[in-house]
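This report is meant for a reader who is meeting the structure for the first time. Please look over the sequence and the structure shown next before reading on.

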Amino acid sequence: MCGIVGYIGEQEAYPILIKGLHRLEYRGYDSAGVSMINAKGDLNVYKATGKVKALEDKCANEDVTGSIGIAHTRWATHGEPNTVNAHPHLSQSKNLSLVHNGIIENYKTLRVMLEKEGYTFCSDTDTEVLVQLIEYTQKKGRCDLFTAVQRALKNVIGAYAIAILQKDHPDQLVCARKGSPLVIGVGTDARGQKEFYLGSDATPIVEYTKQVVYLKDEEIAYMDRTGKLDIVNLQKVHQTPEMHTLSLSLDELEKGGFPHFMLKEIWEQPNALRTCIKGRLHSKSHDIILSGITDHKEKFINARRIIICACGTSWHSALIGKYFIEEVAQIPVEVEYASEFRYRNPVIYPDDVVIAVSQSGETADTLAAIQLAEQKGAFLYGICNVIGSSIARATNSGTYLHVGPEIGVASTKAFTGQVITLCLLGLAIAKEKHTLSDDMFHMLVDELYQIPDKIQWTLENNKNIDQFAQMFTYCRNFIFLGRGYNYPVALEGALKLKEISYIHAEGYPAAEMKHGPIALIDSEMPVFVIATRDRLYEKVISNIQEVRARGGRVTALVTEGDTQIQKFADHIITLPDTMECFQPLIASIPLQLLAYHIAVCKGKDVDRPRNLAKSVTVE
Ligand code: F6R
């Protein structure tokens, strides 16, 4: 969703801002804007709807000079995506320019109050209310911008990450956050002087510096050209900036020869998962070391229940995690849509462990769900990919995926990263609770260790999926079926297809077909069935026959060496053998490739599908 970039230093700001906006494009947006103060002291603002490229075209003949600036990509919430509603927004006197991510919940009340004070508004946004409020506070209190922001934000309810320029003070940049992420990069310019970068995440910053400060909730930061960085919280208490060194590399943000980030990320999975298990899964000693669990083992040993809150693809991985944790650690696990959970009055016991699974670590619903669980006294555990993200910070303990940045909107390597992390977590709890025999524990550890190689095999042996996908390009509906551990894979296969190719697809537990959806089957309906050799193999064969008997076109995902299913299926996709509980890690790979290639055949914008955002920071 919306993205913020900022810069103050000795360099020209515009190229840094535009490059930063391009880096944040993956988050999803529908308009963009930029604002700089030039050497004469003019504060210029340029905005465009559509892509960042449209903004660049607009700026081509404009004055985009200046060594201080802010920029924004907007994903419309209040007001349609047009240039009036795009950020930056100017204050009434045009002295302040502001960009904002998040939602100001009490903006209507604030707007009425400001209108009474003579302020007029040109946009429909909550953001314009914020910039006017800061100007009003500054004028009324005759104070500097830093103070005005601290005072104004005390009256604001909602979530925000903001960055502000002041025309008559081109030597300072002020920013603040609550609920929406903001990272400050601290670099050194050619003269050895400190310069500052801002980003909604580290991607616009890493090119210039690896030293970053993750602004915390309710913190306001002041940066200036003398290299001063001052941070206070809303209670006006000064905070010492905590410097972190980014491990992110620039290569991870490039396509590296692949036509799309999504394809790159699909192929990255073997290595990404090796990194994920590194130092945690020890094949020689048959051991699991997950510090997030070891440090709080009593919580897990005594847990009455585990509740996993997540959204979308992360919810699917949570479902696989539930099956696995219940099986190996013998703890009841409930999986909840965070968006539903947060608005119920769920029963949560103090001896519950609530796990948030989120790639971005910023999903508003998931964050709200764990905040609710915290109020009810549960122990919170986070499984996130983005280091320093809000969910990672809001939880008592957790595990990072370490699969590298995921830029494609459709989640692939983060999904398998989440599944493998949940498997590690299940095994780590099983170890503490002694719920598995040594033999079984060793067998699971050994097999999990093999998974990245088996994914590599799957990728190498399914290279022809691109040609296969062409057959399905014009189908209007799809059904994906699976049972047991493969049921969430069916859900995920359907989600991947619909989000990037815009084809309607349903994922179903195979045995549920006869309770309704079988009515949809005819010769036009492609049905993908995950039919690997496991406990439910024979039953899935019966389900395939039911589909075939109604004229459905079946593609079966089968275990290498299978000879039975060929008799019943139109097409076969072969997978390496593994234990049933790890099958989702393998079976999801061809479905990712299928969705990708169908979307490419249809000419869709695979990495940035319409209406979707990578980081869903609004509810
Ligand atoms: C689909 C996808 C989304 C996300 C969902 C939750 O490919 O990526 O369904 O899984 O928006 O996002 P995170 O995991 O960041 O909480």
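Where does Lys236 lie? Lys236 is found in the loop between strand S13 (229–233) and strand S14 (238–239), where helices (H or I, at least four residues) and strands (E, at least two) are DSSP runs, numbered from the N terminus.

## Basis of the model

This is a predicted model, in which local features need pLDDT of at least 70 and side-chain atom pairs count only at pLDDT 80 or more, while totals for chains, interfaces and linings use all residues. Residues are numbered from 1 along each chain as its sequence is written, and side-chain values use heavy atoms, with hydrogens and water left out.

## Backbone features in loops

Lys236 has a positive phi of about 65° although it is not a glycine, and with a relative accessible area of 46% this residue is partly exposed (buried means under 20% relative accessible area, exposed over 50%, and partly exposed in between, with a 1.4 Å probe and protein chains only). Glu218, which is not a glycine either, has a positive phi of about 65°; Glu218 lies in the loop between strand S11 (211–214) and strand S12 (219–224) and is partly exposed, at a relative accessible area of 26%.

A further backbone feature is the cis peptide bond that joins His87 and Pro88, with omega at about 0°. Pro88 belongs to the loop between strand S4 (68–74) and S5. As background, most residues other than glycine have a negative phi, and most peptide bonds are trans.

## Two buried residues

Ser91 is placed in the loop between strand S5 (89–90) and strand S6 (96–101), and its relative accessible area of 2% makes it buried. A polar atom of the Ser91 side chain lies 3.4 Å from the backbone nitrogen of Asn95, which is a polar contact (a pair of N or O atoms within 3.5 Å; within protein, one must be able to donate a hydrogen and the other to accept it, and residues adjacent in sequence count only if both atoms are side-chain atoms). The C-alpha atoms of Ser91 and His504 are separated by 45 Å, and these residues are 413 residues apart along the chain.

Val186 has its place in strand S9 (residues 183–188), and it counts as buried because its relative accessibility is 8%.

## The ligand and its shell

How many residues surround the ligand? There are 14 of them, and the closest are Ser314, Ser358, Ser360, Thr363 and Glu499; a residue is near a molecule if one of its heavy atoms lies within 4 Å of it. The shell divides into 4 nonpolar, 8 polar and 2 charged residues (Ala, Val, Leu, Ile, Met, Phe, Trp, Tyr, Cys and Pro count as nonpolar, Asp, Glu, Lys and Arg as charged, and the others, Gly among them, as polar). Helix H10 (312–329) and helix H17 (486–501) each supply at least two residues of this shell, and the largest share, 3 residues, comes from H10.

Oxygen atoms of the ligand lie 2.4 Å from a polar side-chain atom of Thr363, 2.5 Å from a polar side-chain atom of Glu499 and 3.1 Å from a backbone N or O atom of Thr313. The protein covers 89% of the 400 Å² of accessible area that the ligand has on its own, with accessible areas taken from the Shrake-Rupley method with a 1.4 Å probe.
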